[in-house]
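Please read the points below alongside the model.

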Amino acid sequence: MRRPGVIATIALALSTTVTVVATAATPTVESRILASTKVNSLPSGLTPSLADIHNKGYFGFTGGSMVRAACDPYDYPEQATKPVPCIIGDKTATRTVVLWGDSNAGNWMPLFDSVFLTLKYRVAVFTFPGCSAPFVTASKSGPFVSSKAATCNTFHSKLGAEVRSLSPVAIFGVSGAAFLTKTPVLEQQWTAGWKSAFDAMTVGAPSTKRYVIGTSPIMPQDVPKCLALRSKSIQLCGITTAKSNYPSIIARDAKVASTAKATLVPVAQWFCQNGICPPVMGSILIYADLDHTTKTFVAELVNPWLSYLRSKGF
């Protein structure tokens, strides 16, 4: 069940200044994000560089680049009838955790690879870009739009059995902020879809731990392109939470976790502080486009995630 303190923690990240205690040698991610909200000029030595993103394309700098042809239902739709996971983490471990979702699951793949290698768990990743984690009906147009709607719906219908066959000790789901639920009816469908997904994956396995990974922000424009044009006013390439729908998405995450009897893993504090979600953290580029994070940034979250997971008994 969701702990009462989660909402308060997220609210602090979204709307107020958080006092962070850290030594100069080991600044927290939160303190580094807070410092970055006050920077207006593009830092030197940005990693990855804007030139590399432009010349090589953004995708190779994201976790989605870890997805291989053998576990890619987006490019190989025949896999939707029998979803195949990408295996990362400790591939020889006897304990398995599952990560599933749209392309935002790809965002977390490098981190899951690292932290669960350390913790000695095998990770099975089922990711389908543009296909939401909750089992809602996708269509070519409408609230739950997918360019591969029929394949997405097939993928949803088959995923539960494939996950159950792995006997995971825990399952983690994540979906991006691009999926909007602007009415109570749509939000109810979204929330119910999450519960349906968790239930389908845990039939006969009530002890399987359920986790919803909080939604990370989506920027109003391609961040590297924006930074190239606004090198002296980089905060215009991020968002101010008071002027965005991000707070409502965070509230939706909490409702989803509660309804699905899952634990919410809050992430807003690692992206936003004092009501601002900056485009960079120090000299690290956070976003490779609108909402896909760079592998460089995600690597900075390994230690916070390790601490979190160890506190949950992993």
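1. Helices (H or I, at least four residues) and strands (E, at least two) are DSSP runs, numbered from the N terminus. Pro-48 sits in the loop between helix 2 (29-36) and helix 3 (50-56). The peptide bond that joins Thr-47 to Pro-48 is cis, with omega about -10 degrees.

2. On provenance: this is a predicted model, in which local features need pLDDT of at least 70 and side-chain atom pairs count only at pLDDT 80 or more, while totals for chains, interfaces and linings use all residues. Residues are numbered from 1 along each chain as its sequence is written, and side-chain values use heavy atoms, with hydrogens and water left out.

3. Ser-167 has a positive phi, near 50 degrees, and is not a glycine. Ser-167 belongs to the loop between helix 5 (149-165) and strand 4 (170-174).

4. Helix 4 (residues 103-119) packs against helix 10 (residues 302-311) at an angle of about 55 degrees, the axes being 10 Å apart. Axes are lines fitted to C-alpha atoms, for helices over the stretch in contact, and angles run from 0 to 180 degrees between N-to-C directions. Helix 4 is therefore oblique to helix 10; angles under 35 degrees count as roughly parallel, over 145 as roughly antiparallel, 65 to 115 as roughly perpendicular and the rest as oblique.

5. Between helix 6 (residues 184-201) and helix 8 (residues 246-259) the packing angle is about 45 degrees, with axes 8 Å apart. That makes helix 6 oblique to helix 8. Glu-187, Trp-190, Thr-191, Trp-194 and Lys-195 of helix 6 meet Arg-252, Lys-255, Val-256 and Thr-259 of helix 8. The classes here are three nonpolar, two polar and four charged residues.

Note on methods: Contact means heavy atoms within 4.5 Å. Ala, Val, Leu, Ile, Met, Phe, Trp, Tyr, Cys and Pro count as nonpolar, Asp, Glu, Lys and Arg as charged, and the others, Gly among them, as polar.
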